[in-house]
Amino acid sequence: MTRTKLVTISAGFILVACMCASILLLNRVDQLRPQATLEEVLYLPSPKVLRRMSLGYDGLLADIYWTRAVQYFGGHHAVGAMHFQLLAPLLNIATQLDPHLVVAYDFGANFLSPPPPNGAGQPQEAVRLTNFGIENNPNEWLLYYNLGFIYYMELKNYAGAADAFSRGSQIPGAHPFMRILAAQMAEHAGEIETARMLWTATYQNSKDKNIRANAAAHLRALRVDDDVAHLETLVDEFRERTGRIPSSFAELQIPGLNGGTPVDPLGNPYKLTPYGHIEVQHPDDFPFIVNGAPPGYIPPKVPKFLPSD
Amino acid sequence: MPAIEILGLEKTYSVGFWRKRPKRALLPLHLKVEKGEVFGFLGPNGAGKSTTLKLLMGLVFPTSGSAKILDMDLDDPRMKARIGFLPEQPYFYDYLTGQELLNYYAQLSGVPGKERSHRVATMLERVGLKDAANVQLRKFSKGMLQRVGIAQAILHNPEVVFLDEPMSGLDPMGRREVRELMEQLKHEGKTVFFSTHILSDAEALCDRVAVINKGELRGVGAISELTSTVQGKIEIVWRGTAIPAALKNMNAEFFVSGDSVRAILPEQQQEAALETLQRERLHLISLTPLSTSLEEYYLQKVQQASANATQTAAGGRA
Amino acid sequence: MSARIAYIASNTFREAVRDRVLYNLIAFALLMSGAAILVGQVSFGIERLVVVNLGLSAVSLFGIVIAIFIGIGLVSKEIEKRTLYTVLSRPVQRWEFIVGKFFGLAGTLAVNTFLMAIGVFAALLYVSRQFHGTDGWIAVALYFSILQFLMMTALALFFSSFASPLMAAVFAFALFVIGNFSEDLRGFAAMTHGLQRWLATGAAYLLPNFSALNIITSVAHEQPVSSSLIFYNTIYALVYTAMVMAAGVLIFQRRNLK
């Protein structure tokens, strides 16, 4: 039955060839329409209309827009973009389609407010989104926490932060630290301890791995800042005592180290420069540090998050 | 070169959705049909007749074995141009008129454009559908559909014609017409392979028959041989109710019904019996030689144990 | 190509016409004229937008429905009614039958879409009194719709080559919906890791991609369409159609027609 075989072989060949070709063509087509999402968002009628048009499948559609928001941010973030103008509209659509999509509010609070490249630099949008979330989910204490966080970290509005934390602390099941945070806002505005507490809370309470990685990086940065300040104080004391700069950490006799070398949060020893400065060995590993980077260090465009976080 | 040569064609379907069980629709079949023969394929419903025809037409694929028609493979389009097929209880595109349908089939069979309309018109006339040429098939009666079916099977002047149950569902008139068409095909020298479970049709038309049951070939033979293999008897019928004493001694059977008597007796006593009736002045109605009917042969083959069927088949083929 | 494919295609077209498939044009005409008159009286400044959006969406929807519901019956109906027997016992190979059926329905859809396109442009002329240069992009959108119909017809034929008509309709419709989200699916796949990523990406690429072929909204906003997008979309749609048809032939080639 050679004729049948011939047809089988030809059809099989066409099948495989077309499969490969269609993959290549699809990639080409995708490259040709990079602003597809942009256009779509710009042409979108109001989310209310979209909701009606989704024929009752608004939850599914919300998930799709939520995923698009994450991809949009992730994709632009990875190449060091400085503009994320679609993040807010995408999150708005997702949350209007499904007002109970708490993870989207969480994401928005964490990545809408910080300045680029770590966020969209739109703290007011973040506040608006979070308030919309609180309106629809008054019993989610995490949303109040996020609101307070934005007020404290980005807007430096300590009264607003205190108000948000205290409102959140009254919700049944809220984490006890909400009450402490509310109190500290008034007394210790701008302290490193408060920042540490906030980032720890974020790290412990968020389910999104990007948010957690971001929080972990901030916490490490805070520790480096702390360590460097502390070590440089010891160096200053040593210089006052001896009139020279210590040649090694051993000379400093740091309490608890038994003459050893102090290490950074990733376990690498700190460097002691001939000028008495303390530096981390790999500044790229600590995207948000204030102290401890070598002079003239330019941080990479894209903050480095560690996959282990 | 035989017209049809079947070499161990076999078909096993797997039935059941969850746990597949094999169902043997056709056991290995060996059969040869010569050119110009009218060959009857006999068997009860579900015996495997249609399966065989579908295998030959390439509609289903054999589990094993092979076959050749006009010495060509079953998937050879050149062969397909030289055969015709009428499926069982045919159904056609009912949105077409008779003429359009035949024209479409003529196109598919590769009848050249010039010849096509002439061929279609002749064929419609031949099967008696000239008046229905422009009527959509959805308005056709069962008999008309069957005739269109035969028309499409012989439209392209094929050398071998396969007909699956061509007479089923037809009224007596229709059956006679189909029978006449088949006789015409025989006169034109075409090979006709047809399946049926109506024995009188087969007896009237066939040169040879094969009997199949439960997917197994039970016997093959020429009609003339099959019907003369048993020793002859005669049947005599006369008016009255009297049975002459001389006849009673003749090893005969008698059946009295109304005002006539029917007697069945050995052929060699025909002369003596007739003399007796004349002597007794009884009014003779008929005298018929009795031969074994195809029916007897058929029933015997269908009912016989399947074990020796292969033997018979082998003998029949030789 | 063999003449038999053309014969089968034209018979398929004839069947569609005689089965009153083109009657959908009446519904379409009513919809378009109603919309044109109504929108001319009600809305302010977006008449053109509404007519283009509504017209192109209706063309797409009508075509997809025809492609699916006629497409699934093309083969299964012939098997069920056994009309296929008298075709395949002729010098017609199975692949020729499938390909002929495809072209028959594709031709029906092309004619149908062409007639609908006249309706869209007539309604457009009615509301905006004259044509603009940008109205040419509407023709491109209609052309993309036809490309979608080709892919859908092939998919419907493919499913009907092995599944029951109902299941084939369900599968085909599901693929139509999924195909409109295929970019998102490729995005989802890219977010997974390892072996999963390979499998998910492969599956996502095998699904039809209708989002790039759907430019109704951007055309309604008088956005231009790049010629390279027209080119690559055309090739993609044809290649995808050929791929699905080849798969359908491979299955149908082996199928026992009980």
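This briefing describes the interfaces, domains and selected residues of a three-dimensional structure.

The structure is a predicted model, in which local features need pLDDT of at least 70 and side-chain atom pairs count only at pLDDT 80 or more, while totals for chains, interfaces and linings use all residues; side-chain values use heavy atoms, with hydrogens and water left out. Residues are numbered from 1 along each chain as its sequence is written, and chains are lettered from A, with ligands numbered from 1, in the order in which they are written.

**Chain A and the domains of chain B**

- Chain A holds 13 helices and two strands; helices (H or I, at least four residues) and strands (E, at least two) are DSSP runs, numbered from the N terminus.
- Of the 309 residues in chain A, 48% are buried, where buried means under 20% relative accessible area, exposed over 50%, and partly exposed in between (1.4 Å probe, protein chains only).
- Among contacts in chain A between residues at least 6 apart in sequence, those joining residues at least 24 apart make up 56%; a contact requires heavy atoms within 4.5 Å.
- Chain B is divided into domain 1 (4-227 + 294-317) and domain 2 (233-290), with bounds that come from an automatic or database domain assignment.
- A distance of 44 Å separates the C-alpha centres of domain 1 of chain B and domain 2 of chain B.

**Interface of chain A and chain C**

- In this interface, 30 residues of chain A are in contact with 33 residues of chain C.
- On the side of chain A that touches chain C, α1 (2-32), α2 (36-43) and α4 (58-78) of chain A each supply at least two residues.
- The element that gives the most to that side is α1(A), with 20 residues.
- The side of chain A that touches chain C comprises 17 nonpolar, seven polar and six charged residues; Ala, Val, Leu, Ile, Met, Phe, Trp, Tyr, Cys and Pro count as nonpolar, Asp, Glu, Lys and Arg as charged, and the others, Gly among them, as polar.
- Zero salt bridges are found between chain A and chain C, a salt bridge being a side-chain nitrogen of Lys or Arg within 4 Å of a carboxyl oxygen of Asp or Glu.
- Two residue pairs are in polar contact between chain A and chain C (both at pLDDT 80 or more). A polar contact is a pair of N or O atoms within 3.5 Å; within protein, one must be able to donate a hydrogen and the other to accept it, and residues adjacent in sequence count only if both atoms are side-chain atoms.

**Interface of chain C and chain B**

- Chain C contributes 28 residues to the contact and chain B contributes 35 residues.
- One salt bridge is found across the interface of chain C and chain B: Arg18(C) pairs with Glu100(B), the closest N and O atoms being 2.7 Å apart.
- There are 17 residue pairs in polar contact across the interface of chain C and chain B (both at pLDDT 80 or more).
- The elements giving two or more residues to the side of chain C that touches chain B are α1 (3-18), α4 and α11 (227-254) of chain C, and α1(C) provides the largest share, seven residues.
- By class, that side of chain C has eight nonpolar, seven polar and 13 charged residues.

**Thr86(C) at chain B**

- Thr86(C) lies in helix α4 (residues 83-88) of chain C and is buried, with a relative accessible area of 1%.
- The side chains of Thr86(C) and Tyr105(B) are joined by a polar contact of 2.6 Å.
- Beyond its neighbours within four places in sequence, Thr86(C) is in contact with Phe85(B), Pro87(B), Phe92(B), Tyr105(B) and Gln152(B).

- Lys190(B) is placed in the loop between α6 (172-187) and β7 (191-196) of chain B and counts as buried at 10% relative accessibility.
- The side chain of Lys190(B) makes a polar contact of 2.8 Å with the side chain of Asn157(B), and a polar atom of the Lys190(B) side chain lies 3.4 Å from the backbone oxygen of Pro158(B).
- Glu47(C), in helix α3 (residues 47-80) of chain C, counts as buried at 19% relative accessibility.
- Glu47(C) and Ala35(C) are twelve residues apart in sequence, with a C-alpha to C-alpha separation of 9.4 Å.
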